[in-house]
Amino acid sequence: MSISDQNRSISDGKQRRLFPFWQTGTGSSSPASTQSQLTANSNENGVVSNGRSANKLSSVAKSLIPMRRRLRLDPANNLYFPYEPGKQVRSAVRIKNRSNSHVAFKFQTTAPKSCYMRPPGGVLAPGESLIATVFKFVELPDKNEKQSDQRSKVKFKIMSLKVKEGTDFVPELFDEQKDEVVVERILKVTFLNADRSTPALEKLKHQLAEAEAELELRKKPPVDTGPKVVGQGLVIDEWKERREKYLARQQVEAVDLM
């Protein structure tokens, strides 16, 4: 054996001892296969990671897409109140269902102790509308406080929820179906000078009168157009009543002839 061959044999032995996983066999793998396995694992993890990232991005994108409003409000952005410090004043807003489905609506306010709504919520059929009345107590201003400082102190939120026909309104509907609730508007409070006639003040007075008329109409009992019921469930129709009158009249005439 030459010196060069002897040195090559020694070098191969050292390599085998230092890097035994380079050896071929059923229980070992080559550097290429090891690298392939690492690449496969990396790709697999990348797919999972990308899938999760895609799902996360899709949910974020979905939340950024504006949902179509179900309700039309008039006024659309403000609740107008006459400015009368120390008194309870009223505002009004017309709510109309502009969708093709039954919609439940609900009010919320940042000042529940000094404000309330009538009605606080309800269900509107497609195309149906009503005027809600909002009551607010106007506090006396501080010495250094101006009227304009109170514009953004109190806000009202109107939410909507698509419901099935025949559903009765209960506030718990909005808790049970949180993912389907849409915030329609955030209404700000705007005070009006109660002593000066303006278009906004005249419109408010007109809406308040409409709200009172609608409330009185809802209080009236429904007109009964069915058959008349008297006594213990006896139903008397018009034909039977006429026949009884006719027979009674015949008896009277027979007595007169005798």
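**Exercise 1. Aromatic pairs**

Task: State how many aromatic pairs this predicted model contains, and classify the pair formed by Tyr83 and Phe191 from its geometry.

Solution.
- Step 1. The count comes to four aromatic pairs.
- Step 2. A pair of rings is described by the distance of the centres and the angle of the planes.
- Step 3. For Tyr83 and Phe191 the centres are 5.1 Å apart and the planes stand at 75 degrees. Ring centres must lie within 6.5 Å, and planes over 60 degrees apart count as edge-to-face. The pair of Tyr83 and Phe191 is accordingly edge-to-face.
- Step 4. Tyr83 sits in the loop between E2 and strand E3 (88-97), while Phe191 belongs to strand E9; the two are 108 residues apart, and the pair links distant parts of the chain.
- Step 5. Tyr83 and Phe191 are both buried.

**Exercise 2. A second pair**

Task: Decide whether the rings of Tyr116 and Phe135 are stacked or edge-to-face, and state whether each residue is buried or partly exposed.

Solution.
- Step 1. The ring centres of Tyr116 and Phe135 are 4.6 Å apart and the planes are at 10 degrees. Planes under 30 degrees apart count as stacked, so this pair is stacked.
- Step 2. Tyr116 is in strand E5 (residues 115-118) and Phe135 in strand E7 (residues 129-137), so the pair ties together parts 19 residues apart in sequence.
- Step 3. The relative accessible area of Tyr116 is 41%, so Tyr116 is partly exposed. Phe135 has 8%, so Phe135 is buried.

**Exercise 3. Around Ser114**

Task: Locate Ser114, classify its accessibility and list its contacts beyond four places in sequence.

Solution.
- Step 1. Ser114 lies in the loop between E4 and E5.
- Step 2. The relative accessibility of Ser114 is 22%. Buried requires a value under 20% and exposed one over 50%, so Ser114 counts as partly exposed.
- Step 3. With neighbours within four places set aside, Ser114 is in contact with Phe135, Lys136 and Phe137.
- Step 4. Val138 is 24 residues from Ser114 in sequence, and their C-alpha atoms are 8.2 Å apart.

**Exercise 4. The five-stranded sheet**

Task: Give the strand order of the open sheet, name its edge strands and describe the pairings made by E9 with E8 and E2.

Solution.
- Step 1. The order is E2-E9-E8-E4-E6, and the pairing is mixed.
- Step 2. Strand E2 (78-82) and strand E6 (121-124) pair on one side only, which makes them the edge strands.
- Step 3. Neighbouring strands of this sheet are turned by 25 degrees against each other on average, direction ignored.
- Step 4. Strands of a sheet pair through backbone hydrogen bonds, either parallel or antiparallel. E8 (residues 155-163) and E9 (residues 182-192) are antiparallel, with six bridges. In E9, Lys188 is the bridge partner of Lys155, and Leu187 is that of Phe156.
- Step 5. E2 and E9 are parallel, with five bridges. Here Pro82 has Leu192 of E9 as its bridge partner.

**Exercise 5. The nonpolar core**

Task: Identify the residues with the most contacts inside the largest nonpolar core, and find which strands supply at least two of its residues.

Solution.
- Step 1. The largest nonpolar core has 25 residues, and Leu71, Phe81, Ile95, Phe107 and Phe156 have the most contacts inside it.
- Step 2. At least two core residues come from each of strand E1 (71-74), E2, E3, strand E4 (102-109), E5, E7, E8 and E9.
- Step 3. Leu71, one of the residues named in Step 1, touches residues including Ile95, Val103, Phe105, Leu124 and Ile158, leaving out those up to four places away in sequence. Its contacts also include Lys96, Arg98 and Glu184.

**Exercise 6. Cis peptide bonds**

Task: Characterise the peptide bonds from Asp74 to Pro75 and from Arg118 to Pro119, and place each proline.

Solution.
- Step 1. The bond from Asp74 to Pro75 is cis, with omega near 0 degrees. Pro75 lies in the loop between E1 and E2.
- Step 2. The bond from Arg118 to Pro119 is cis, with omega near -5 degrees. Pro119 is in the loop between E5 and E6.

**Exercise 7. The whole protein**

Task: Summarise the secondary structure, burial, contact range and accessible surface of the protein.

Solution.
- Step 1. The protein has five helices and 11 strands.
- Step 2. Of its 258 residues, 25% count as buried.
- Step 3. Among contacts between residues at least 6 apart in sequence, 70% join residues at least 24 apart.
- Step 4. The accessible surface comes to about 19,000 Å², and 53% of that belongs to carbon and sulfur atoms.

Technical notes:
Residues numbered from 1 in each chain as written. Predicted model: local features only at pLDDT ≥ 70, side-chain atom pairs only at ≥ 80, totals over all residues. Heavy atoms only, no water. Pairing = 2+ DSSP bridges. Helix = DSSP H or I, 4+ residues; strand = E, 2+ residues; numbered from the N terminus. Axes fitted to C-alpha atoms, helices over the stretch in contact; angles between N-to-C directions. Phe/Tyr/Trp six-rings, centres within 6.5 Å; stacked < 30°, edge-to-face > 60°. Buried < 20%, exposed > 50% of the residue type's maximum accessible area, 1.4 Å probe, protein only. Core = buried A, V, L, I, M, F, W, Y, C linked by side-chain atoms within 4.5 Å. Contact = heavy atoms within 4.5 Å. Areas by Shrake-Rupley, 256 points an atom, 1.4 Å probe, with all protein chains shown as cover.
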